[in-house]
Amino acid sequence: MAYNIKKMRNIGISAHIDSGKTTLTERILFYSNKIHAIHEVKGKDGVGATMDSMELERERGITIASAATNVSWREHPINVIDTPGHVDFTIEVERALRVLDGAVLVLCSVGGVQSQSITVDRQLKRYNVPRLAFINKSDRSGANPYRVTQQLRDKLGHNAVLMQIPIGLEDKHEGVVDLITMKAVYFDGPSGEIIREDEIPEHLIDEANEKHEELLDAVSLYSDELAESYLEGNATVEQIRDAVRKGTLSLDLTPVFIGSAYKNKGIQLLLDGVVNYLPSPDEIDTKALDMSNNEEPVQLYPVEDKPAVALAFKLEDGQYGQLTYIRIYQGTVKKGLELTNTRSGKRFKVGRLIRMHSNSMEDIDEANAGDIVALFGIDCASGDTFTEKGLNLTMTTMYVPEPVISLAISPKDKKSADNMSKALNRFGKEDPTFRSYVDLESNETIIKGMGELHLDVYIERMKREYKVDIETGMPQVAYRETVGTSARFDYTHKKQSGGSGQYGRVAGTLEPNTEGDYEFVDQIKGGVIPSEFISSCDKGFKSCLAKGKIIGFPVVGVKVTIDDGAFHAVDSSDVAFQLAAIGGFWQAFEKAKPEILEPIMKVTVETPSEFQGNVLGSINQRRGIIIATNEEGAFTIVEAEVPLSEMFGYSTVLRSLTQGKAEFTMEFLKYSKVPTNISEQLKKEHLEEKKSESKKK
Amino acid sequence: MLRNELIKKSPLRILEKSTHDGVGAGNIGVLAARKGVGKTACLVHIATDQLLQKKHVIHVSFASDTSHIVAWYEDIFKEIAQRYKLDNYDELHDESTRNRVIMNFKQYGDTVSKVQNGIRALVKDGHFSADMIIVDGFDFSKSSPEEFQVFKNLAEELNIEVWFSATVRRDDNKTDENGIPLILKSFQDNIAILIQMEPHDTHVHLHLIKDHDIIPAKDDLHLKLDPQTLLIAEEG
C-alpha cells in the first residue's frame, strides 16, 4: 500500500482487566484479514489469542506485555497496540500511550467504568490522546450500555455521545442501530464477517430518532456547517461525521460504540470509527527539545523529506538480540541510514528494520514519519531519541512510576547465577519499573517492582526462559524515612592525622519538605563557606538520602538550609565539607522526629453484595480505611486505602471469603506515616537483622 | 485554635441545647427544604462536627458517584479549619477521613433493605463503630412509613443517631397546622427532630418544627446557613 500519512492511524486498546481488550484485538485482526481464524483468550483450542504470544499470558489469560501489530482497514494502515489491564504492568500502557495518536477505551457493559478504566483514562489525559469508547460484552447478563455511557460522563467527565444504540441486549443482542446513517446493522456469517444493513426495527424507531437528535445536538457545536444544515433539517452523513471527528480530535467528545467482541458484533463499525474519527499522525502536534539550544521546544513535521527523529519506546531482548520499537515522528528511516542516539551521542547504522505483528515480524526497507516499527541490534535504553544529520533533539519521555515492592532472590547454583544475571539485565532494560541490585550489606540480590504479580511474572520468566533455579524471600515493602519537624545542626568535621588535615563546619536547618523529595537552600553570607564548597555540602547531604538511620530505607521529603559555617585556608577541601554535611545531616535527623513512611494502596474490591460484610471486615483487619462503597446491581464496589504491607496474599484471602466471586485491583496511591506500634516493630526487626548480619561477618 | 475549643464554640452546640441534647442515639433527625437550599451542606457540617469530636460517621448517598460527596467534606473541613485557624490540620483531616465512610446506593427496588444490609455489614463485620448516619437524598415521596420504620429500628438496634435530608418540592410546599411538610406527615412519629430550612434574601433560616415530643417546637434555633461559607452559623 502506498504511503499516505493522512490514512495512517496509530491506536492503543486500553481498559480495565477483563473488559475484553485482547478479544477485541483478535477480532480486529480477523476482520482486517491479518489472521484467518479467531482464537480465544484461554480458549479451549489451546492456541490462545494472537496478541498474547507469551506462554505465561496464555496460561494466565492476561496480557503482560503490550503487543504491536498492524492491520489495514478500508485502505487505512493502522498500527494497533494491545496493552495490559493489570496495574502492575502500567508502564506498558504508559509507553504505548506516549507514542500513540488515538485510543479505544474498552468498557464492560456490565462492570461499567471500573477502577482501572479510571487509571487508563488518567493516562490518556496525561498524553492528550483522543479516544473512542467501545462498550463491550453487550451479550452478557446485566448488560446496560446506557448506564455505562452515563458513567463515562459522571465518573470520567467525558462528553460521551452514543454513535449507536443496541438492538437487543444480553442473549438477545443482535446488532446495533447506527445513529448517523439511521440504519440497523447486523453481523452475519459464522464469525460475524458479513455486515447486513436493514431498516431500523419498529420498536426502536422512536428511541433511535431521539438518540439521533441528541447526537446532532451534541456534535453540531463542532461544525457551523452542520449546525446550519441541522436547523434546516438536511444534515448529511458526511457533515455529522466531520463534526464528530472535530469534537473527538479536540478531546471534547468521546464517541461511544456498542457491541460484543466475543459474539463478533460491532467491531467493523468500531474500525470505521477509528478511521473516521481518530487522528492521523500529521494531525498531532509534536514537539522535541533542542539540546543545543537550552532545551527550547522544536516543532517536528511528520514528512518524509526532513531529517529523521524517532523515539525508542519499548525494548525486547530476543534470541536475535535487542529489538527496539520506535515511533518515527519526522523523516524516513531506511536500512543503512546513520542515526545518532541523542542521550549517549553514539552513532549507529540502521540494520534490520522490522514491522511487528505480535511476536512475528516482517523485514521492510524503510518506514516513514508516523509509523511504528522496530530495529534490531541497537544498544539503547527505553525512552532514547534517535536523530539524523546532526540534529540534537530529544523527545520528552514517559512517566515512570517508582516501584513499591521488593523481593530478595538467590540462585541455587553457579549456572543459575550466571543466567539470573543475564535475565535481570534484560528485564531491567525492557521494563523501567522493574529494578534489581545487590544489597552490599546482606549480599542478596533484590528485585523491585510494582506489585506481587509483577515480580511473580519475572520470577516465572527467569525460571522458564533462562532456566534459573531460584529461591525467593518474603516480599518487602519499599518504606521511606522522613522528618516530622525541623531541627538545627552545627557540625564541624576536623581531622589531623599527619599530612594535610581536613576541616569544614556547616550549620543550618533540616526540615520537612512537602514540595518534593529533597531541596537544598544556600543562605551562606559573607563567604563563611567559600562558594566552591557549597556544592560539596549539597553532595554530602544528598549522599545521606540513600539510606536512612531508622530502618535503612531512603530518606525523602526533606529540605536542608545552610546558613553558617567555617573553613580553613589550608585544611578545607571538597571531601571535608562533604563529610561535615553528612555529620550535620544525621545530627539534625535524630532531633527532627524521624518517621517511617509506608506505601498506601488504593484498593478496589468488586464483590457480590452478600459478601460485602466479609470484605469490609478483611479490609478493617488490614489497617485499611474504607473510603466508599457503591452499589452496582447485585454487586458492591468497595473503595479503600490499605497499606501495601497488609495486602500480601490478599487474593487468596478474598477468594476464600467470597467463594471466589470477588475481584480486587490495587495501585499505589501515596506514602503515609506508619503507626507507632508498627514503626517500633520495624525498628526492632531492623536491629535484629543488623545484629545477625554482624554475627555472620 | 485547638480542637476542643472549636467543638465548644461550634453553633451546633446551640442546636443541641435548643433541642434538649440533640437528636440522640437511636433517633432520627430530618432537615427538610426545597432542592438547592443547602441540605447537603448542613448535613456535612453536622457530620464534620462529629468527626472533629473523633466520632465515626457513615454517609449514605443516592448520587451517581461518591466523588462529589468527598468534595463536600473537603470543602467544609477546609472552611472550618481556615475560619477557626485550626491547629494540626493534616492530622485532623486524616483522622476525619479515617472515621468517615461514604455508602452509595441506587434508589430503586429494595433500596431500604440494601441500605440496611450495607450499614449492618459495615458496622458489624467491618467493625466500624459508627456514631452517626447521614442519609442524604432519600426520596420520601417514593417511600412508605414502613420503610422509614426500618431505619428507625436500625438506629435503635445499633444505637446510632441518624440524620436525613428531605426534599420538599416547590409544588408540594404545603404544611399541616404544626408546620410539618405534608410529604413528611406520615413519617412524623419516627422523626425526633425536624428542621425546616427557609430561604430568605440573605441567608437560609433553620426553623425548628418538631423537638422530640413537642410539636410545634417552642423555641427557635436562631441558626442559619451562611451562604458565604455554607456553614451553619448563629443568626446575628
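**Ground rules.** I number residues from 1 along each chain as its sequence is written, and letter chains from A in the order in which they are written. Because the model is predicted, local features need pLDDT of at least 70 and side-chain atom pairs count only at pLDDT 80 or more, while totals for chains, interfaces and linings use all residues; side-chain values use heavy atoms, without hydrogens and water.

**Cavity count.** I looked for cavities, meaning sets of points on a 1 Å grid over the protein atoms alone where a 1.4 Å probe fits but cannot get out. I found 5 cavities of 30 Å³ or more. Grid points are joined across faces, edges and corners, and a volume is the space filled by probe spheres set on the points.

**Largest cavity.** I noted a volume of about 80 Å³. Its lining residues (an atom within 4 Å of a point) are B:Leu6, B:Ile7, B:Ser10, B:Pro11, B:His45, B:Asp49, B:Leu52, B:Ile80 and B:Tyr84. α3(B) gives the most, with 3 residues.

**Second largest cavity.** Here I read about 70 Å³ of space. The lining includes B:Thr48, B:Tyr73, B:Phe77, B:His93 and B:Arg100. Two or more residues each come from α3, α4 (67-83) and α5 (89-98) of chain B.

Definitions and conventions
1 Å grid on protein atoms, 1.4 Å probe; cavity = no way out; pocket = protein on both sides within 12 Å on 5 of 7 lines; lining within 4 Å. Helix = DSSP H or I, 4+ residues; strand = E, 2+ residues; numbered from the N terminus.
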